[in-house]
Amino acid sequence: MKVSQIKEKLNLEYVVQSDNEAVSGYASDLLSVVMGKVKPQSVWLTVQTHKNIVAVAKMADISAIVICDGFSPDDDTVEAAQKENIPILKTDKGVFEIAGMLYESGIR
Amino acid sequence: MRDMSLHILDIAENSVRAQATKVDILIDEGEISSFMIKDNGKGMDEETLKNALNPFYTTKTERKKKIGLGLPLLKQNVELCDGKFRIESVPGKGTSVKWTVNTSHIDSLPVGNIEETVWILMTMYENCDFSFTHRAGKKEISIESRELKEALGTDELNDPKVSMIVKDYIKEQENIINNQEAL
């Protein structure tokens, strides 16, 4: 599924617009754990906003970062994501709810 | 990283890669805990030092993607819990990384399995001597890999038998810090 389709289905807001194919999902806020556990081409749900999330996404071939619970990425995070072409989306909903909606939409 | 011991292992391995022959590690636990890793490696020039905190920078040429998260992740974790982070480096002299954490902050990382970290460092990197000091309140222990090499009569601390002796010794010393007074 395309990240842009997920955005529409889950009513997410683009912070950094870019499109990728996503085949899996993952949720965690501990960056080192994400690096070790996430599958390539995943949508990653987190509340972290630091620039390091973009580096993790790039390293682990993550398709999109969804920042949940109403948090917004730091300015240098947005800048890095634009440069690295990694989509960042945000939502006021919590990680649990977004994970459920993603799962329902067919991302397993 | 799930705890400080993993960060310490990671940063000390940077020292080894920077050709250090001596690395000092200090942990001082309290309400504000402080940590220091100081090496006599090749150090960094101003430009490299600036880049060291950028996650999109690495000196590892074998990496396909130019990402280096060791120091950036540590700095993030330290600042998340109201700590201070400082790195200083002099080309040709060495590098020191120091940080503090407010241990009452709910997100502050625990020290973790420091025995394992010290054991790995002391037994895996034979060309480098490690000095480890751990303070907690009034207790203090200090372990020097140079002294262990002299006492055991070998430089090869990675020899399986020797390595186990080193492991037990580190554990014994750490017990002094962690345990209540023996009854």
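**A helix pair, then a covered helix**

Mentor: In chain B, helix 4 meets helix 6: B:Ile114, B:Glu115, B:Val118, B:Trp119, B:Met122 and B:Thr123 of helix 4 are in contact with B:Ser163, B:Val166, B:Lys167, B:Ile170, B:Lys171 and B:Glu174 of helix 6. By class, this contact holds 6 nonpolar, 2 polar and 4 charged residues. Contact means C-beta atoms, placed from the backbone, within 7 Å. Nonpolar covers Ala, Val, Leu, Ile, Met, Phe, Trp, Tyr, Cys and Pro, charged covers Asp, Glu, Lys and Arg, and polar the others, Gly among them. Helices (H or I, at least four residues) and strands (E, at least two) are DSSP runs numbered from the N terminus.

The model is predicted: local features need pLDDT of at least 70 and side-chain atom pairs count only at pLDDT 80 or more, while totals for chains, interfaces and linings use all residues. Residues are numbered from 1 along each chain as its sequence is written, and chains are lettered from A and ligands numbered from 1 in the order in which they are written.

First, its setting. Chain A has 5 helices and 5 strands, in the order α-β-β-α-β-α-β-α-β-α along the sequence. Its C-alpha atoms fill a box of roughly 30 × 25 × 20 Å along the principal axes. Of its 108 residues, 42% count as buried. Buried means 20 or more other C-beta atoms within 10 Å of the residue's own, exposed means 12 or fewer, and partly exposed lies in between. Among contacts in chain A with a separation of 6 or more, 52% join residues 24 or more positions apart.

Just after helix 3 of chain A, A:Asp61 takes a positive phi of about 55°.

The two chains touch: 10 residues of chain B are in contact with 10 residues of chain A. On the side of chain B that touches chain A, the residues divide into 7 nonpolar, 1 polar and 2 charged.

Strand 3 of chain A pairs with strand 2 (residues 24-27) in the parallel sense over 4 bridges; pairing requires at least two DSSP bridges. A:Gly25 stands opposite A:Val43 of strand 3.

Two loop residues give a contrast. A:Gly70, in the loop between strand 4 and helix 4 of chain A, counts as exposed because it has 11 C-beta neighbours inside 10 Å. A:Leu12, in the loop between helix 1 (3-10) and strand 1 (13-16) of chain A, counts as buried because it has 24 such neighbours. Leaving aside residues up to four places away in sequence, A:Leu12 touches A:Lys7, A:Val66, A:Leu89, A:Lys90 and A:Thr91. A:Gly70 and A:Thr91 are 21 residues apart in sequence and 5.6 Å apart in space, C-alpha to C-alpha.
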